[in-house]
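Biologist: I have a model open on my screen and would like to walk through it with you. Could you take my questions one at a time?

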Amino acid sequence: MFRSNNIVARIFQRQICTPAPGTSVHCARRFYENLVPSFTIYDVECPDHSFRKFTDDGQYLISFSRNNQDLIVYRPTWLSFSCKEEDCDSHDLPSKARRFESFFTQLYSVSLASCNELICKDFFLYMDSNQYGIFATSTVPSQDAPATGGAIPGFPSIEKMTFHLLRLEDGVILDEKVFHNDFVNLPHNMGVFLYDDLLAIVSLRYQTVHILQIRDSGNLVDVRAIGAYCHEDDELFLNSNAQCMAFPDKSKMHQLPQNHVQNGLHHSQPNLEESFLSGIKQRLLSFIFHRIWNEEKDRTLRVQCLKKKFYFHFQDYVDLIIWKVQFLDRHHLLIKFGSVEGVVSRNADQHPAFFAVYNMETTEIVAFYQNSAEDLYHLFEQYCDHFHSTSRNSLYMNFISSHSNNIHALEQLRSIKNKATSSSQFVKKMLGSLPFSCQSQSPSPYFDQSLFRFDEKLISATDRHRPSTDHPIKFILRRPPCSLKFKIKLGPEAGSADGRTKKISSFLFHPFLPLALSFQYTSFSQPSVVNIHFRR
Amino acid sequence: MGSLFGDWPSFDPHNFSQLQPSDPSSPSSCRVQAVILLDTVLLNQARFKCMFRKIGLTSLMYILILLRMTPATYHPTHSRTLPPPDQVITTDAKNILLRHIYQRAEEKDLRPKRAAPEHLVPEHGCKQPRASSSSC
């Protein structure tokens with residue numbers, strides 16, 4: 001739409017030209033080519049906090065105290081100063097501009113963790129419709145906890161884990177959900193997924209997906225628990241037909257393992273060794289059985305096929321556990337299944353994994369794929385945006401670049417595909433990112449691949465620590481003249497004052513302002529160096 | 001009742017919707033009538049005004065008359081696209097990803113089953129299928 005790169009010319013052209021239908025937001029985002037965070041204040045003196053992220057609406061900066069007990073919330077403001085000289089651009093900023101407080105105003109500090117608990121500083125979810133934040137505190141995991149009460153062996157146990165629902169406007173804790181002697185994968189939101197007002201929490205230890213609803217009043221309400229049971233009344237039905245559970249001694253029924261979820265579902269897990277398979281495992285096995293059954297018309301071949309493809313692998317299917325879950329919409333879950341060894345090992349690629357699409361309303365498995373399935377990869381390639389299921393209210397989340405909505409990202413994916421030596425290994429590698437972690441990507445327009453080109457090994461929209469580099473990270477225009485627009489440098493030209501060697505870096509970009517924070521760490525226990533990048 | 005335009009000349013009268021007596025008891029037919037009426041009036045204002053002015057009718061009166069003449073259902077003039085059965089257009093709540101997942105699942109269920117080969121004996125004559133065990 002814009003014929004000139006000059007911002008004044010673009011503003012004038014915006015006044016007189018109408019963008020093509022459906023492209024008004026894309027046209028507005030092009031102004032970010034002119035408004036870039038080109039100025040850096042190095043090694044800003046700031047409070048000794050662990051900065052987590054900006055909320056996706058840009059209203060708050062979330063940080064935690066160094067002892068991981070307190071939550072401190074800041075409001076991003078903007079630097080303002082006046083200069084009476086004629087040529088102000090050549091003057092340095094006043095000294096008070098080089099302070100953290102010039103850019104951020106502390107709103108409040110709330111103590112979330114008590115006594116032996118710690119805040120999980122890599123976990124945070126934001127519900128922008130009500131400005132609610134979800135935080136997690138936990139005690140230290142115990143690695144050698146016995147697998148009692150229906151727990152799956154091989155997983156650590158956290159004595160107490162609490163999810164706090166907090167109103168970020170004033171820091172009031174609205175509700176809490178506590179799990180006892182359980183394990184949820186908290187770092188980088190891997191075990192929790194937020195979609196609109198629905199929250200899915202995956203209990204790895206007890207193989208249950210807890211679905212909760214966040215009400216506008218600020219209450220966390222249990223909706224259902226998918227695992228041993230699918231429908232809400234499955235437990236009642238099974239308990240009322242206790243003769244089907246084949247207990248050797250009915251007098252031992254009162255010794256069923258008790259619930260470990262406070263405030264909620266007082267259901268008990270059946271003893272799997274003594275009863276039939278129920279819940280989602282039964283749904284999964286039935287689906288696999290029916291699929292193989294329907295493939296063959298001839299009865300003899302059908303039985304042979306079942307023996308080869310189902311019964312031979314029956315125990316492997318029974319031993320599958322839920323790894324990770326995400327919402328595809330309000331009724332469908334994408335569940336990743338795998339082995340216990342695959343979950344606990346660092347090299348999960350070596351272990352088989354499967355994906356299942358589960359309809360929570362009908363409690364049916366809709367589809368089941370292996371992690372090397374070409375079918376699933378084609379869906380991933382064409383409809384990646386729908387795997388990044390976002391809240392209907394978060395319009396800005398719809399503009400995060402992916403290979404389904406951006407030609408440059410698609411070209412990148414295809415070049416990786418062409419270079420891959422094995423097609424199935426490539427598919428496994430790509431599908432290894434599924435299910436996606438919730439709110440793991442920054443909506444900043446500076447990561448829009450149609451606007452800027454940058455080295456994704458050094459910086460990307462994904463919230464991850466990366467190896468630090470001495471060279472500046474360049475952001476180059478995609479469109480002509482394809483010029484360098486700004487650089488993110490992690491240290492001054494002469495190196496830092498005390499000569500510390502920086503090893504790990506991370507970045508926080510504001511969702512819509514030309515403002516970014518960069519951090520350098522020598523180790524996680526050492527104070528980090530904080531740089532502020534902004535448009536002067 | 002014939003064409004909406006009566007005996008006015010046209011290249012092919014079958015290019016135009018044929019009229020049928022409207023059924024006031026059917027809510028969908030009333031809805032369809034209202035939509036078709038609005039389209040018809042907006043597109044053919046001059047013609048209708050001319051036609052009804054001759055017999056001294058006001059705009060409101062000719063709208064009321066059209067209501068009774070509006071076809072109850074739409075009969076397409078081509079077979080390239082078929083109207084929905086009850087002509088009420090609804091939106092599928094599922095997104096395109098889930099629609100494709102369901103579609104592929106249905107295709108797998110409906111795809112032609114493989115017929116049994118002529119020889120049921122396995123290819124490797126030295127291998128025999130295992131006897132079925134009681135656990136299976």
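Modeller: Gladly, and let's start at a turn: in the hairpin of S13(A) and S14(A), with five residues between the strands, Gly218(A) takes a positive phi near 95 degrees. Strands here are DSSP runs (E, at least two residues) and helices likewise (H or I, at least four), numbered from the N terminus. This is a predicted model, where local features need pLDDT of at least 70, side-chain atom pairs count only at pLDDT 80 or more, and totals for chains, interfaces and linings use all residues. Residues are numbered from 1 along each chain as its sequence is written, chains are lettered from A and ligands numbered from 1 in the order in which they are written, and side-chain values use heavy atoms, with hydrogens and water left out.

Biologist: Which residue stands opposite Ile214(A) in S14(A)?

Modeller: S13(A) and S14(A), residues 220-226, run antiparallel and are joined by six bridges. Two strands pair if DSSP finds at least two bridges between them. The residue opposite Ile214(A) is Leu220(A).

Biologist: Which residue in the turn between S12(A) and S13(A) has a positive phi?

Modeller: These two strands also pair in the antiparallel sense, over six bridges, and Ser203(A) stands opposite Thr208(A). They form a hairpin with four residues between them. The positive phi, about 50 degrees, belongs to Gln207(A).

Biologist: How many residues of S13(A) are buried?

Modeller: Buried means under 20% relative accessible area, exposed over 50%, and partly exposed in between (1.4 Å probe, protein chains only). In a regular strand the side chains alternate between the two faces of the sheet. Thr208(A), His210(A), Leu212(A) and Ile214(A) point one way, while Val209(A), Ile211(A) and Gln213(A) point the other way, and all are buried. The count for S13(A) is seven of seven.

Biologist: Is Asp196(A) buried or exposed?

Modeller: Asp196(A) sits in the loop between S11 (192-195) and S12 (198-203) of chain A. Its phi is near 55 degrees, a positive value in a residue other than glycine. Because its relative accessibility is 10%, Asp196(A) counts as buried.

Biologist: What pattern does chain B follow along the sequence?

Modeller: Chain B has four helices and two strands. Of its 136 residues, 18% are buried. Its pattern reads β-β-α-α-α-α.
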